Structure formats: C-alpha cells, structure tokens
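Dear colleague,

I am handing over the structure below, and after it you will find an account of what turned up when I went through it. Please read the account with the structure open beside you.

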Amino acid sequence: MKKQPNHPQAITRRSFIGKTGVAAAGISILPSNVIAGLGHKAPSDKLNIVGVGVGSMGFANLKNLQSENIVGLCDVDWKYAKKCFDHFPKAKKYKDFRVMYDEMGDDFDAVMVATADHTHAIVAADAMVRGKHVYVQKPLTHSVYESRLLTKLAKKHKVATQMGNQGASGEGVAKTCELIWSGAIGDITKVESFTDRPIWPQGVNPPTQGHWVPDTLDWDLFTGPAKLIPYNQVYHPWNWRGWWNYGTGALGDMACHILHPVFEALKLGYPTKVQGSSSLLLKDSAPTAQSVQMTFPERGRKGRIKLPEVEVNWYDGGIKPDLPANWPSGKNPNKSGGGTFFYGTKGVIHAGCYGLEPEILGREMPKVKETERRVEKEMGLSWGKGAHEMDWVRACKENPESRKPCTSDFAEAGPFNEMVVMGVLAVRLQGLNKILNWDGENMRFTNIGQDETIKTVIRDNFVMKDGRPKFQKEWTEPYSAAEFAEELVKHTYRDGWKLPDMPA
C-alpha cells in the first residue's frame, strides 16, 4: 500500500525532529500518530481500537481491552450487538467493516476480530495491509490458504498479532512444554486429544425454507464471501459454528485450545498424512462426532528429547480415546472441556484443555526449570480478565524490530491453524476411503486423482413406510474429489469479496 504524504507512517523520525525542534526541547510525550509513525507507542499512550463482530465473544474481548480507547464497533446484527454498543457509547457504529475502515482508517491503530469463522481472514487481511495490528478469535481462519495468507501478511507488514486461544497466556501450555522438553517421558510417538464439544447443533439437516430476515440483521453482510443462501434462525446467531459455510465445527472451535500444547511442545509443522471419520457426514452441517488422525515427520530435537515421526489423533462429539493401561479407575480425563495424552518412550503425560494441570501417570512430577513465558504472571491478570488481550496491546506498542512476540502471534498461530483446519478437510474427504498424502509447502493433496469422484448426503429424511420408520438418505450427484479438495484448501469467494494477494 503506497503511503500518502499525510499518513502517520510517512512521518520519519528525522522529519519530525526537523519540523518541530523537539530534540533540543526534551519533550517526552509525543502525539500518538507521530509515535505510531516511529514504529512504536509509549506504554502509557493508549491504542485506538475498533472491533468487528462484537455481539458475543468480541464483546468479552473488548471489555478486556477497555483500558485502551475503543473508537469503532462493527457488527452485522445490531440487536445482538446492542449490549456492546451500550457499553461503549462513544464508539462509532457500523454494519460493514469495509465502510468503517475507509471512514476511520486514520483514526485507529488496531482491530479486534470476532466474526463468524468464514470472515476472519478477509476482515483481518484488509486491516493488516492498512498497517493495523490485529487480534483474531480462534480458529484463526476457515481454510488452509487463509491461514497461510495471514501468516505472511503479518510478517510483511510487521504488525502485532494474536489469535484468541487465550490458554496460550496461561501456565498450562508453558508447563506442559517444559515437562515434555525435560525428557520426563522420553521421545513422544503418539498423542491423543479430545473435547466434549459441540454444545450447539451439529449433524442436522439443512432447513427446507427460509425465514424473514430481522430488521436489525444484514444477512448479505453476514454471508460475506460465502455462497448466499436464504436466512434461517438455525444459522444465526451463534449456531453458525455447526454449518460448513460459516464455521469449522467442534474441531475448529476447541482444537485451537486443546492441541496448542501439542503443536508447541512437539514443534509440529505440516502433516504428511491425514485421515478422518465421523458420524453421518452431511453436505452442509458438521457431523455430531468425528475423529482425525495426522502423521507428522521427524523434526530433529528439542531440549532433551528427539522429535521422531508422531501420530496425532483427535476426537470430539462425546467419543474419547482409549484410556492408558495405568489410568486411575473412575477418574475423568476431561479437564475444562477436553484432555490430551502424550505417549512417550518412558511414560505418559495427561493434561487438560489449555494444557491445564499436566501430570505423569503413575509417577511424581519432577522439578523442571521454567523457560517459557507466563503471561498471566507478567500482567498480573488471568486470561479471563485480559492477560491474553493485554499482551497483544503490549506488543502493539513496541517497535516491530525489537517486539517480543505474543504467545499466539500469527508466526505460530498461522501454521497451527493450518493443522486444525486440515482436520476439517480430512473429515470432509473421508468418502475417498484412503489415507490422504499432504504436501504442506504447496498446500495440496498428492494422491487425489483427477478422475476420482465423491458424493455426500444432503439430508437424512425420517419417513414412515408401510407403517414402519425408516431413514431415507438424499445424496448429491458424484462430483470431482480433486476440485472439491482444492475448494476446501482455498475457498472461491463470492463476487464483491476479495482477499489481498499472497506475499512471496
């Protein structure tokens, strides 16, 4: 983006000193736009923040950011967002983030994004090319390509970034990583993780008719880059998570929390093989329960352990992995919504969601040196009280050349989110009935032939025939598996919606 002469970023340190003469005056407090132009803000100088998607989790994020200036609020549903609007009465209100960006582009420094999954990427990408810092709720994006794009844009534009997997700022992830790297259970060859989600409808037939769109909702803007279909109350608000057009199901929602210590501790990159299975797979709705297996290649060493080929398994919807042989009878492996078992050559570690309360089965916990950040302790806040958000604020104010990265900045969250949404691809391509080989660098499957086809159930109808109950499946016609896979990796956006180009 070409810098305009009057744009804050076009003001250099030399031109500022030359024009104002403050070098000799010893002035220590500078206007915020000038400080931003120098690449940093003083810690005491408040950020101007706008929020996009402020009806639910976004409102919670903004309340944790209210020590800064909340200057703009955008939501496609003004009834759903009313509590947030009332809480920040001085902020300008919008329905279309693009209009807000154009009208307020010189008046804000950073964007908090908490829209439906399918619009995370376009809202965040547009902000980053404008030089704005971004905080994006999990999952970071709806597709592999979008994750790669946000990773590269963050690096190119040197903005501060954070994905909203708030457990990254707690002690659990750090403690689990340190325990594994100490060699306490040797080299890890298998991981099994699960969640008790979903807590919203999944595995349901698509509605057969639309509803009148509420006056307070702009359904076209909610749909954004996705295919426009008739509005129905089963899609919005909140229940969009269970519909493929807008969400990523329980896997996208919770794997960003539960698999984070797995990704970080084992230094995972791109998987080489994936396979998925589930309860009834529907064309439009995520299944009630699903499992995914990913294989990652050897990755060298970390701390005292080798990083050999490892198999990572995921389960949701009520199904869980088999318990280890020495698991205490009657003990619930679910901690705060899920759990993980790390299988090493010398033992098994169990941890909860966010890496909470790691323990070695059948053994006392060793004393392990603390090497990783504990953001909650640094900030004097819990993640529920703003530690994760305020760590991002801290990063926004630092010079990009010396900035201390957030615990879930896009350099890590982007590749991690590729792993998460890869699970969605594995489930949606399960009809091919084979292990899929993945070329992560080039974002493509290498063993799906151009002549292979796949079909999916549109709806599973319950009918009475001759006095007997029967389920009667309605299927799609067979379609190209290769083309479908490409679409899942990189979505085709609806006319009028476009992502910026992928940086080199």
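**Backbone and domain contact**

Pro198 is found in the loop that runs between β7 (188-195) and α10 (219-223), where helices (H or I, at least four residues) and strands (E, at least two) are DSSP runs numbered from the N terminus. This is a predicted model, in which local features need pLDDT of at least 70 and side-chain atom pairs count only at pLDDT 80 or more, whereas totals for chains, interfaces and linings use all residues. Residues are numbered from 1 along each chain as its sequence is written, and side-chain values use heavy atoms, with hydrogens and water left out.

The bond that joins Arg197 to Pro198 is a cis peptide bond, with omega about 15 degrees. Trp238, which lies in the loop between α10 and α11, has a positive phi of about 75 degrees although it is not a glycine. As background, most residues other than glycine have a negative phi, and most peptide bonds are trans.

As to the overall form, the protein comes to 16 helices and 21 strands, and its C-alpha trace spans about 90 × 60 × 45 Å along the principal axes. A compact globule of 504 residues would have a radius of gyration near 23 Å, and the 24 Å of the protein agrees with that; the radius is taken over C-alpha atoms, and the globule rule is 2.2 Å times the number of residues to the power 0.38.

The domain assignment gives domain 1 (43-166) and domain 2 (168-375 + 409-441), with bounds that come from an automatic or database assignment. The contact between them (heavy atoms within 4.5 Å) takes 34 residues from domain 1 and 44 residues from domain 2, while the domain centres, taken over C-alpha atoms, are separated by 24 Å.

How much area is buried between domain 1 and domain 2? The figure is about 3000 Å², of which carbon and sulfur atoms give 59%; buried area is the accessible area (1.4 Å probe) that two parts lose on being put together, summed over both.

Between the two domains the count is 3 salt bridges, each being a side-chain nitrogen of Lys or Arg within 4 Å of a carboxyl oxygen of Asp or Glu. Separately, the side chains of Arg241 and Asp117 meet in a salt bridge at 3.8 Å, N to O.

On the side of domain 1 that touches domain 2, the elements giving two or more residues are β5 (133-136), α8 (144-157) and β6 (161-163), and α8 gives the most, with 6 residues.

Finally, Asp126 has its place in helix α7 (residues 120-129). Not counting residues up to four places away in sequence, Asp126 touches Phe97, Arg98 and Tyr101.

With kind regards
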